Amino acid sequence: MHTEQQRQLSREHSRASTSHTYSSGMERGLILLVSALMAFMAAGVQGTFHLSFANNTEVNITRNGCGVSKLCVETPNDCDPAANSTCLFASLTASTPMAPNGTVLSVELRGESMGYIALGLTQNASEGITALFICAQNNGSFFFRTMTRNNTDGMLSSVETIVREIRGMVVGNVIKCEYDIPNVNATSTRTSHSTTFQVLLGNGTVNGTALGRFNTVLNSGTLNVADPNSNTVTTSGADRPHAVLLLLTVLTVPLMLRA
């Protein structure tokens, strides 16, 4: 009889222990799930792991340094990004290129859109792909995305391109942003580097979190993004009178010979 009571007590203790273990396991699982959700929500606020945001959110974009310390592309020509005007503007400043890591490209981008503005880097805008760096707004809130565009059909695809020190602001329909792109290299080899790209500026729509088609507003043509003078016209106005005099001289000589 005594032995039977001991067995009954042992079974009850085993059930209680199993129940406690199961309950503890559920609690640990719930804590882990909540932690994962909190991490996911935090990542949603600041982007995903390939994006990092600067502590300083101030953005001040001007033409200062264009052609001297930074390469500037814009439409309309010579428009002022600091003024209240329709100006789609970007500047690019490159660190010294080093193989195999390429260069760090610091970008300023300013434009008007109720959706997004973007800067694209590509080897050929009519084939291959374009790497897009997108500064966008959703009802006045700034957000940043990296995408690729298929240059043949225009399809956008998400890509986790590393971007650092992102700063952005939205005032009405004006979007301004600054960011750094590390490891920029136009070559497919890791033993050399190239900073020659076509720079695209454009815009698109935003519907919730969905991005509409990228509309190219400006294609710079092929530029060396490490050279601030890459898109500077070498012929100045002072050279034009000499060219006109030379043309008149060439035309005058045959007339004199005929006389």
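Trainee: Which residue in β10 stands opposite Thr103?

Mentor: Val184 in β10 stands opposite Thr103. Please note that this is a predicted model, in which local features need pLDDT of at least 70, side-chain atom pairs count only at pLDDT 80 or more, and totals for chains, interfaces and linings use all residues. Residues are numbered from 1 along each chain as its sequence is written, and side-chain values use heavy atoms, with hydrogens and water left out.

Trainee: How many bridges join β4 to β10?

Mentor: Nine bridges join strand β4 (residues 103-112) to β10, and the two run antiparallel. Strands are DSSP runs of E with at least two residues, numbered from the N terminus, and two strands pair if DSSP finds at least two bridges between them.

Trainee: And which residue is the bridge partner of Gly168 in β10?

Mentor: That partner is Cys177. Strand β9 (residues 163-171) pairs with β10 in the antiparallel sense over six bridges. β9 and β10 form a hairpin with two residues between them, and Gly172 in the turn has a positive phi of about 65°.

Trainee: Why is β10 described as largely enclosed?

Mentor: Eight of the eleven residues of β10 (residues 174-184) are buried, so the strand is largely enclosed by the rest of the structure. Buried means under 20% relative accessible area, with a 1.4 Å probe and protein chains only.

Trainee: Changing topic, is Thr130 buried or exposed?

Mentor: Thr130, in strand β6 (residues 129-138), counts as buried because its relative accessibility is 0%.

Trainee: What joins the side chains of Thr130 and Asn151?

Mentor: A polar contact of 2.7 Å joins them. Such a contact is a pair of N or O atoms within 3.5 Å; within protein, one must be able to donate a hydrogen and the other to accept it, and residues adjacent in sequence count only if both atoms are side-chain atoms.

Terms used
Buried means under 20% relative accessible area, exposed over 50%, partly exposed in between (1.4 Å probe, protein chains only). Helices (H or I, at least four residues) and strands (E, at least two) are DSSP runs, numbered from the N terminus.
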